[in-house]
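Colleague: Could you take me through how salt bridges are to be read in a model like this one?

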Amino acid sequence: PEAWGLRLPWGLLALSRGSCQALIIIFQGETYIDFLPLQLDYCASLKNLEAISDKQNYKFIQGDICEPRFIKELFETEKIDIVLHFAAQTHVDLSFWRSLEFSYVNVYGTHILVAAAYEANVEKFIYVSTDEVYGGSLDKEFDESSPKQPTNPYASSKAAAECFVHSYWERYQFPVVITRSSNVYGPHQFPEKVIPKFISLLQQNRKCCIHGSGLQKRNFLYATDVAEAFLIVLKKGKPGEIYNIGTNFEMSIAQLAKELIHLIKRPNSESETEHWMDYVNDRPTNDLGYPMNSEKMHTLGWRPKVPWKEGIKRTIEWYRENFHNWKNAEKALEPFPMAEPFVQLDVQ
């Protein structure tokens, strides 16, 4: 089987809590994906998997990476050659209120998974991290050797998990690879993230809720571009290495809101555009930007391909028809998350 010219005959364990990249990898590489264990968290929907549910080489296993016995049994009973680890709590706003849960899932869960993968002698372990581990910057471009300086609980948990993953390379020469990507957007993404959130608000005749000044910039990558990057890392990524998966395309949050307002509401004046923008209190910390140097990925043959105008058009169209794929999607449109107390699971 071929996927973007790469022959990938592995049994691939792709773990996700609702990631649009994982789903698109299945679509694009449907001839070699075998397993997708999915923790059915609030951001996940089985409707997102209906298009592949009848594939013979696809298998859905519901479980939790924070359950050691489940993970151990999974590796003992299934033939798994490659692990692509997306599973994480990722909503930055929520992490300020539920930092313990983010540490539990993102750090403890990752440690369980990488330890089990090591014991099972898998051929490669890909840990999907984030540009946010670098901390914020407006002009300084981060490369893979830049120090980690996370500023929020989500980024801190991802940075800590990276350390656990990389330690298995340093101590055992276990073939791990770490990726750090820019903000990803596209169909199937839970609408707590800024792009689907603004799109959904506008489609429901509600205003975009902009944190603080809205001057914070973000780099946006379409999901199929990131999926292609992961496939290239699976094939060509060197054990022990870190790869930035980024783009030079950036936009401030206020600019993003205006862009989406023009595409969805088609205002006739600047004042009409401003009508759809609601500036609310900022989050406790809000990094100014995450400019990354991705030359290392370019040397593997990857560059983003989907232009912003094309990607955002596809995304707007998808949410018009599929917003209610999640039972709790309406709650995601509030300016700030409606957090419930986290009750730690028994890890004995």
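Colleague: Which residues are linked in a network of salt bridges?

Modeller: A salt bridge is a side-chain nitrogen of Lys or Arg within 4 Å of a carboxyl oxygen of Asp or Glu, and here K148, E162 and R180 are joined in such a network. Keep in mind that this is a predicted model, in which local features need pLDDT of at least 70 and side-chain atom pairs count only at pLDDT 80 or more, while totals for chains, interfaces and linings use all residues. Residues are numbered from 1 along each chain as its sequence is written, and side-chain values use heavy atoms, with hydrogens and water left out.

Colleague: How far apart are the closest N and O atoms of E162 and K148, and where does each residue lie?

Modeller: The closest N and O atoms of that pair are 4.0 Å apart; E162 sits in helix α5 (residues 153–172), whereas K148 belongs to the loop between β7 (124–130) and α5, 14 residues away. Helices (H or I, at least four residues) and strands (E, at least two) are DSSP runs, numbered from the N terminus.

Colleague: Is E162 buried or exposed?

Modeller: Buried means under 20% relative accessible area, exposed over 50%, and partly exposed in between, with a 1.4 Å probe and protein chains only. E162 is buried at 2%, while K148, at 35%, is partly exposed.
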